[in-house]
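Dear colleague,

I am handing over a structure that you have not worked with before, and below it you will find what came out of going through it.

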Amino acid sequence: MPSLDFDLEESHFRAFYAQHSVALDAACAALTDMVAAVVTRAGGVEVAKVEGRVKDADECIRKFVRKYRPALEENNTPYEIQSYITDLVGVRVVCLYEDELEKIAAIVRGHFAVIDVTDKVTAVESTEASFGYKGLHLDLKLSTTERNQAEYAAYAHLPFELQVRTIIQDSWSVLDHRIKYKKSIPSELKRRINVLSALFELADREFRQIRDATAAELLQAPDETAEPLPDPAAVDNPQAPSKAQAPSSELNAFTFLKIATHFFKDFEFEPSKVDGFVDDIQAWSRGMTRARFNALMRETVGVVKRYKQHFEEHNPQASFNPYTVIRHCLYLSNKAAFRPALRNSARESFEAWLQEQTEPKLQ
């Protein structure tokens, strides 16, 4: 029965916590898996991790004392501590970008019953004196349909807290908890904490804008396959400047993808591999332009594809993917400059085949 005796209610809460600790752990695991499945199934967002935790008993009591006890005792209202702890079980979804916070919140709102929502973004931005981390906190419980299903009976009416954060916000929350005496501190320290918080916020914004700019670059990269070929001398001599292109038209990841996907329409080029491969091309050529790359591909890819067919007939277990084709095209366009593009064994095999193509056939 509720009372105004804090020591008694604390004792009752600790007994309740100990009695239900195993069940709380099981509920936490189940709810974490459920949230992960809901967010993953919905798609449209990139989730870094989904994790859960059962709130420590001491932490629960400190929260009650801080948020609820003064008003309850002032109003002479009896209480049971566990009734005020809605986040005994907490689930955290960490996404990549700040504009995905509300997308994830919308997904879970459509699946779970919402008790309350706390917008940490608005809370932090409303005062310069607050050093909290941004993010969304939702108090949830199972939907009416799920609460009536036997498989969810053990935690059907258990509320839980869902935290939705970006990776940057999650990192700030960890570091923020290590900063002591944040409210009543000298102005200089408070200013430094504000600067640190602003840097984290700026990093979040910059990651999102870089993502958007990358997508825009991929859409805006010019179609090199429709351009006239550059000065042939530039193809023969990779160090010679092209008369047809300005210095700013160098080959980069975006223009490489535009050209490569024209020649290999059904192949998915992974960003991490493209990044390193284009870097290698530039190191070998010392200034490869997008037009020169397109030109050498057009001039050599037919020969290399014939060699690819020959190679695969004699080496059915070997891989000859588009990167391998491009390496052979580079080498064929300028054997001196692009010698590092092929290993010794691959280069010797290719040269032997090329020699066969030039030798007269015996009648």
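This is a predicted model: local features need pLDDT of at least 70, side-chain atom pairs count only at pLDDT 80 or more; totals for chains, interfaces and linings use all residues.

Arg339 is found in the loop between helix H13 (322-333) and helix H14 (344-358), and, leaving aside its neighbours within four places in sequence, Arg339 is in contact with Tyr331 and Arg347. Its C-alpha atom also lies 9.5 Å from that of Arg327, a residue 12 places away in sequence.

Turning to the chain as a whole, there are 14 helices and five strands, and 39% of its 363 residues count as buried. The chain exposes about 20,800 Å², of which carbon and sulfur atoms supply 52%. When contacts between residues at least 6 apart in sequence are considered, 74% of them join residues at least 24 apart.

Among the strands, I would look at S5 (residues 160-166), where seven of the seven residues are buried, so that this strand is largely enclosed by the rest of the structure. Both of its faces are covered, with Phe160, Leu162, Val164 and Thr166 buried on one side and Glu161, Gln163 and Arg165 buried on the other. S5 pairs with strand S2 (residues 89-95) through seven bridges, and these two strands run parallel; in this pairing, Cys95 has Thr166 of S5 as its bridge partner.

S5 is also joined to strand S4 by five bridges, and here the two strands run antiparallel.

The last item is a pair of helices. Two packed helices are described by the angle between their axes and the distance between the axes. For helix H10 (residues 253-263) and helix H12 (residues 290-314), the angle is about 25 degrees and the axes are 11 Å apart; angles under 35 degrees count as roughly parallel, and H10 and H12 are therefore roughly parallel to each other. Their crossing is right-handed. On the H10 side the contact is made by Thr255, Phe256, Ile259 and Phe263, while H12 contributes Arg290, Phe293, Asn294, Met297, Arg298, Val301 and Lys305.

With best regards

Definitions and conventions: Residues are numbered from 1 along each chain as its sequence is written. Side-chain values use heavy atoms; hydrogens and water are left out. Two strands pair if DSSP finds at least two bridges between them. Helices (H or I, at least four residues) and strands (E, at least two) are DSSP runs, numbered from the N terminus. Buried means under 20% relative accessible area, exposed over 50%, partly exposed in between (1.4 Å probe, protein chains only). Contact means heavy atoms within 4.5 Å. Accessible areas come from the Shrake-Rupley method with a 1.4 Å probe; for residues, only the protein chains shown count as cover. Axes are lines fitted to C-alpha atoms, for helices over the stretch in contact, and angles run from 0 to 180 degrees between N-to-C directions. Angles under 35 degrees count as roughly parallel, over 145 as roughly antiparallel, 65 to 115 as roughly perpendicular and the rest as oblique. A crossing is left-handed if the near helix is turned anticlockwise from the far one by less than a right angle, and right-handed if clockwise.
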